[in-house]
Amino acid sequence: MRLAAPPTPWTEAGPRVERLEVSAYAIPTEAPESDGTLEWDRTTLVLVEVAGGGQSGLGYTYADAAAASLIRGRLAELAVGTDAFAVAGTGAALRRSLRNLGTSGIAATALSAVDNALWDLKARLLGVSLAELLGPLRAAVPVYGSGGFTSLSLDRLCAQLAGWVGEGIPRVKLKVGRRPEQDLERVAAARAAIGGEAELFVDANGAYRRKQALEFAAGFDHFGVRWFEEPVPSNDLEGLRLLRDRGPAGMSIVAGEYGFEPADFRRLLTAGAVDVLQADATRCGGITGFLKAAALAEAFAIPLSSHGAPALHRHAACAAPGFTVLEYFHDHARIEELLFEGAGRPAGGMLAPAPGEPGLGLLFRRADAAPYAL
């Protein structure tokens, strides 16, 4: 039985979404990777392509292939036939349809991929970049090089971080927490490799206990670490607040990458748990959810940072008030450069939307992606 399409009475004459297709690709990493709490050897890209009004748009998420099944089995038939300009209304209807499945986790990533594609289509129909459609506050955004996996040897770790600094990226991040007894040595080596001027960030992915994280914060401060991401699990609001209150004065406590809906960000902010809020448009409801997170962060006078997917986030980051820095994550940057025309690379530590290109400015390389198709 076909589910009823959500009504869009406010723009009945607008172009319609005529087609939605979804595909998934598993791209092996260059070598097995790990952080403080997880190990992996591949990353799955779920791609959504929509068409209407003589244009086509794309969006994506990094998730399990189950997200593609959910899009194909439920969200696609709801999105087809809707007003291509009414992205917010369509997104709200799609979210309502997920009520009995839950709106976090896989469901949130599926919704995000569709929302991202709908925004790309709308901008292409209007002949502008997504940044122009959203209303840019800046032409480009600062980035930090992100990788430094715990699976890397010291030599490879230092080469990766120093390489980013050598390319003009003045801030870099490494992973900690898998082998705590080695963490100070790794941070010391990273500092020596990048020199004294570049900013150094660390990310524990929630691996530490509260007092253990406090102890490491003091140790990391000795090496000028100014960003401590997920020192404890992101749902430990009291623990994050403890780190924020009692950690070194110059060290920002950062979390939010696992926010799936506005209430998740509101909880972090009302608890006073973060100095910088993260949001990920491949998880939090797409560009629509990212902008909601940006509005919440602005209301609490807290800076916003994006998590992963640099080619996707650069547009929304240019339009988000209070935006501070974009994560140029190694795995995602590598995939986006491999599979998309127009992904772009940082210049002078900044990443900008592709000049003169409509929508997200991305073109999917279907032939290059074919070997990774699921």
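Analyst: Happy to. First, what the word covers: on a 1 Å grid over the protein atoms alone, a cavity is a set of points where a 1.4 Å probe fits but cannot get out, and lining residues have an atom within 4 Å of a point. Please keep in mind that this is a predicted model.

User: Thanks. How many cavities of 30 Å³ or more are there?

Analyst: The count comes to one. About 40 Å³ of space lies in the largest cavity.

User: Which residues line the largest cavity?

Analyst: The lining is made up of Pro-310, Ala-311, Tyr-328, Ala-333, Glu-336, Ala-343, Gly-344 and Leu-351. Helices come into this too: α11 (310-319) and α12 (330-339) each supply at least two residues of that lining.

User: Nice. Switching to the nonpolar core, which residues have the most contacts inside the largest one?

Analyst: Those are Tyr-60, Ile-71 and Phe-220, in a core of 108 residues. Helix α3 (residues 105-126) gives the most to this core, with nine residues.

User: What does Ile-71 touch?

Analyst: Leaving out residues up to four places away in sequence, Ile-71 touches Leu-20, Val-22, Val-46, Val-48, Ala-76, Ala-110, Ala-113 and Val-114. There is also a second, separate core of six residues, which includes Tyr-144, Phe-201, Val-254 and Val-276.

User: OK, strands now. Why is β3 described as largely enclosed?

Analyst: Six of the eight residues of strand β3 (residues 55-62) are buried, so the rest of the structure largely encloses it.

User: And how does β3 pair with β2?

Analyst: Strand β2 (residues 39-52) and β3 pair in the antiparallel sense, over eight bridges. In that pairing, Leu-45 stands opposite Tyr-62 in β3. The two strands form a hairpin with two residues between them, and Gly-53 in the turn has a positive phi of about 60°.

User: Let's go to α9. Which of its residues are buried?

Analyst: In helix α9 (residues 262-270), the buried ones are Asp-264, Phe-265, Leu-268 and Leu-269. Seen down the axis of α9, they fall within an arc of 130°, so they line one face of the helix.

User: What covers them?

Analyst: The cover over the buried residues of α9 includes α8 (237-246), β8 (252-255), β9 (276-279) and α10 (286-299). After α9 comes Gly-272, with a positive phi near 65°.

User: Last topic: which residue other than glycine has a phi near 55°?

Analyst: That is Ala-301, and the value is positive. Ala-301 is found in the loop between α10 and β10 (304-306), and at 66% relative accessibility it counts as exposed. Asn-205 also has a positive phi, of about 50°, although it is not a glycine.

Conventions:
Residues numbered from 1 in each chain as written. Predicted model: local features only at pLDDT ≥ 70, side-chain atom pairs only at ≥ 80, totals over all residues. Heavy atoms only, no water. Buried < 20%, exposed > 50% of the residue type's maximum accessible area, 1.4 Å probe, protein only. Helix = DSSP H or I, 4+ residues; strand = E, 2+ residues; numbered from the N terminus. Arc of directions from axis to C-beta. Contact = heavy atoms within 4.5 Å. Pairing = 2+ DSSP bridges. Core = buried A, V, L, I, M, F, W, Y, C linked by side-chain atoms within 4.5 Å. 1 Å grid on protein atoms, 1.4 Å probe; cavity = no way out; pocket = protein on both sides within 12 Å on 5 of 7 lines; lining within 4 Å. Points joined across faces, edges and corners; volume = space filled by probe spheres on them.
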